[in-house]
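Please open the structure in your viewer and keep the selection panel at hand.

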Amino acid sequence: MTSEHAPRPTIGWLLTDTFAVARRHLLKITRVPESLFFALIQPVMFVLLFAFVFGGAINVGEGGAKAYREFLIPGIFAQTVMFAVAGITVGITEDASRGIMDRFRSLPMKPGAVLGGHTLASLLQNTLVLVMLSITGLAVGWRAHGSIGETLLAYVLLATFAYAITWVGAWIGLHMPNPEVAGTAGLAWIFPLTFASSVFTPIGTMPGWLQPIAQWNPVSCLALASRTLFHNPLPLKGNSFPENHAVALSFGWAFLLLAIFAPAAVRYFKTHSTGGAA
Amino acid sequence: MTFAIQAHGLVKHFGEVKALNGVDLEVEQGTVVGLLGPNGSGKTTTVRILSTLLNADSGTASVGGFDVSSASDQVREVIGLTGQYSAVDQYLTGRENLELFGRLFHLSKADAVSRADELLARFELTDAADRGIKGYSGGMRRRLDLAASLIGRPSVLFLDEPTTGLDPRSRQGMWEVIQGLVAEGTTVLLTTQYLEEADKLASRIVVLDHGSVIAQGTSNELKSQVGGDRVELVVNASADVQRAVSALTPLASGTVTTSDVERRIVVPVSTGSAALLQAVRVMDENGIGIEDIALRRPTLDDVFLSLTGHAAEDETPTPTKARRSRRGRN
């Protein structure tokens, strides 16, 4: 009796619903511009801190501080992509604790669209952050030296990776009991992953037992892949398999994470009501 | 007789805890059934199963003729759900929220816009329509939340404690809105801890305790289970209590109880206000001064107390609370 809509193929509704949810999250960004501001300012701060505070102390071979900045920026790209995950983890937990997830679940919408819309909005925000970061990078002397194709591929890789990582964040968010825990949990796994990588320091400077871990670390792969595609310095680069196939491996990591976590998150969302009971 | 909601033998465990212990429920089309019980009695769990949010461990349920587990998509097309929280996005305006939920209900863009307008007007939110929800009062949020659940013109509406936390005036307002919906033919399953609310809105009441239905019937039927009306009076002097009891005994339909200290006499009666008049007359004839006299009808509180041995608002210290912690909600 309420079916005022015409029948439409599933995929059509999935897209319509996804865009409607994404629109909600984008509107939210315009209502709380502070959140975007801090999302933008944090990577900029990292660039400035590492470039000028640690830059002198971390030796990446010839070229001194300027070479380090060229080395650093792709690392910060990778790091930023990783940290972007915290926002969605908290956002999903907030929706759950406010009963909004249950409202979505009680609607005849496509369940995949709730997370699909949220991750899509995150992707758009992260793209904006990458643009901001690139501008800051250019300002401190970083350049993309590769061909236009390579440069584009680097950005596509970063965006794909960011998208995959937000699904991991969404999956974590669904499992967290409240936004406070989600705020901590969303970042807890990011820190070791980001720092035990080639983001800030060449892997060659790390102790031997840590090196294979850092080499296979998806964040290292992403940083190395960006450096390769931007033709930025690759100091102390080893000859290990992950280091030699960084670009392919990064795409591989992104698709692997996406293939595991997107279906897992949607399935969890469909089957687990997040509200309390009485 | 058509049933909009039918449930048989619903059982639900949360870990070790049995939240529902074989609940049967039938709600006739176009009526309001009040699901009454203390926290942890299984009210919300029942609503969550019927609104497709949870799967029961065993038992069957259908809403609007559709099975809640095998035809959950069809169920979602005919239901509206208002939970204990205002499940609206606080960063969006009232209008944006309603349009969002309209779109997700698969209304066309134009329909979503006009439906939002219509509901904003109906719930007296037009003036606040373009303000962020953050600035709404508790009552306005609840009204918006209810409006959101009506986007799809549901034939079956689940209201899970719709007035918890509202001030008396807002509560009154919600009641009027709910009565309006019922007048239009909507079937409502309402959970509440407020006996007054169930009494006021529901044509039938189902009392839950520890996951089981312990009583059901109309409000009057339930009240008659704990006995009928009684005249309560307070005499001026304690010395008069015994004399008053002898004078009142012929009016009583049961044993007259007294309390010397409070000078209070309770007379069970079966003739309602006529008995009250008689009692006044008898006191007057015997020259016994009275401080207070009233006809008291049993409230659902009395019903609850006599059925469960504890008052409705009591936080029953059942292990049911433990499973709550998942989302830190209650």
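**Chain A as a whole**

Begin by selecting chain A. A compact globule of 278 residues would have a radius of gyration near 19 Å, and chain A, with 20 Å, agrees with that expectation. Please bear in mind that this is a predicted model. Along the principal axes, the C-alpha atoms of chain A fill a box of roughly 75 × 35 × 35 Å.

Now colour chain A by secondary structure. If one considers contacts in chain A between residues at least 6 apart in sequence, 83% of them join residues at least 24 apart.

**A loop in chain A**

Next, select His231(A), which is found in the loop between α11 (218–230) and α12 (241–244) of chain A. Its phi is positive, at about 55°, although the residue is not a glycine.

**The domains of chain B**

Turn to chain B and colour its two parts separately: domain 1 covers 3–224 and domain 2 covers 228–297. The centres of these domains of chain B, taken over C-alpha atoms, are separated by 44 Å.

**The sheet of chain B**

Select the strands of the open sheet in chain B, which has 4 strands in the order β2-β1-β4-β5 with antiparallel pairing. The edge strands are β2 (17–28) and β5 (66–67) of chain B, each of which pairs on one side only. In general, the strands of a sheet pair through backbone hydrogen bonds, either parallel or antiparallel.

Focus on strand β1 (residues 3–14) of chain B, which pairs with β2(B) in the antiparallel sense over 9 bridges. Which residue of β2(B) is the bridge partner of Gln6(B)? Select Glu26(B) to display that partner.

**A loop in chain B**

Finally, select Glu124(B), in the loop between α4 (109–122) and α5 (138–149) of chain B. Glu124(B) has a positive phi near 55°, and is a residue other than glycine. Glu124(B) counts as exposed because it has 12 C-beta neighbours inside 10 Å.

Definitions and conventions. Residues are numbered from 1 along each chain as its sequence is written. Chains are lettered from A and ligands numbered from 1 in the order in which they are written. This is a predicted model: local features need pLDDT of at least 70, side-chain atom pairs count only at pLDDT 80 or more; totals for chains, interfaces and linings use all residues. The radius of gyration is taken over C-alpha atoms; the globule rule is 2.2 Å times the number of residues to the power 0.38. Two residues are in contact if their C-beta atoms, placed from the backbone, lie within 7 Å. Domain bounds come from an automatic or database domain assignment. Two strands pair if DSSP finds at least two bridges between them. Helices (H or I, at least four residues) and strands (E, at least two) are DSSP runs, numbered from the N terminus. A residue is buried if 20 or more other C-beta atoms lie within 10 Å of its own, exposed if 12 or fewer, and partly exposed in between; C-beta atoms are placed from the backbone.
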